[in-house]
Amino acid sequence: GNMTLLFARAAWNAVRGRVLLTTCAGARGVHTKHADLADAKDNPYLEKYKARIEEVQRPVEEKKRTQERKKASVTMQPPSPQYPRPLDPTVPHLSSVMHLNLIEDKTPEEISRIWTEYHKTKDGTCAVILASTYVQLHAKATLCPHFLYALPRDEGYEFFYSQFAGHRMYFTSLIQYKLHHENTPVCLTLTHYTELQDSKGLVLMAGEIGSSGISLMDAQCLANQVQLYYTTADPERYTLLRQFNHEPQNFQYTKLVEMLQKSAAQM
């Protein structure tokens, strides 16, 4: 749809001049079977970025070391909780996607395969998340509904802003915000279907790429980073989440790049 994502101008101001325009590349659906995406060592999509991350990192390592010695905190104002046109958090019922009566006697493993096979023909991404993992994700997203993510580009990194509402997470590019402001189009929507959370111990996720266009690999990497920040016990990542939402004066956007490089180094 044409739903817009609204957020504070300060998010753009914090990274002004450091974001690059992305291009769209269509492909068939990328899928994952499990919530274990949070383990960077087993993450095939972050692994595909490893070479690009290292390539971007090498020429700036010396500059980075110099900057580290005199780095100051980048002040960011928290996104306003009062939006002129709030995002609609309503998620369609899972029955609008699949026939629930046909999976009543299916095991979680069988449902996972059905969900994965269904999305192989779709232009988007999907995941099957353990109910216990989604409880962690939803709890953190309720406390920290906004965040920023970095993706490697040929000459640096592009930053994406996310907003969690209900059981959906919306993403937009900061460079697009500079161009369109409050009418910024959503480039990716992650929808979590919770109908099977109690009965099967699963939450089904579907990621829809918006008309503004990002690549399928970009979409999967953003979805994977959501799991890295919202479902792991990594204190560094949680500190960044908390600072961005509740202590913006202490938030440093450069830490996002460092965490992405750290994930690549662990592969």
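Strand β3, comprising residues 146-153, is joined to strand β4 by eight bridges, and the two strands run antiparallel. The structure is a predicted model. The link from β3 to β4 is a hairpin of two residues. Within this pairing, P152 lies opposite Y157 of β4.

Strand β4 also pairs with strand β5, which spans residues 168-173; this pairing is antiparallel as well and rests on six bridges. One of the facing pairs consists of Q163 and its bridge partner in β5, Y170. The hairpin of β4 and β5 has two residues between the strands, and in this hairpin G166 adopts a positive phi near 65°.

The burial of β4 was examined next. Ten of the ten residues of this strand, residues 156-165, are buried, so β4 is largely enclosed by the rest of the structure. A residue is counted as buried here when its relative accessible area is under 20%.

A disulfide requires a pair of cysteine sulfur atoms within 2.5 Å. By this rule, the number of disulfides in the predicted model is zero.

Key:
Residues numbered from 1 in each chain as written. Predicted model: local features only at pLDDT ≥ 70, side-chain atom pairs only at ≥ 80, totals over all residues. Heavy atoms only, no water. Buried < 20%, exposed > 50% of the residue type's maximum accessible area, 1.4 Å probe, protein only. Helix = DSSP H or I, 4+ residues; strand = E, 2+ residues; numbered from the N terminus. Pairing = 2+ DSSP bridges.
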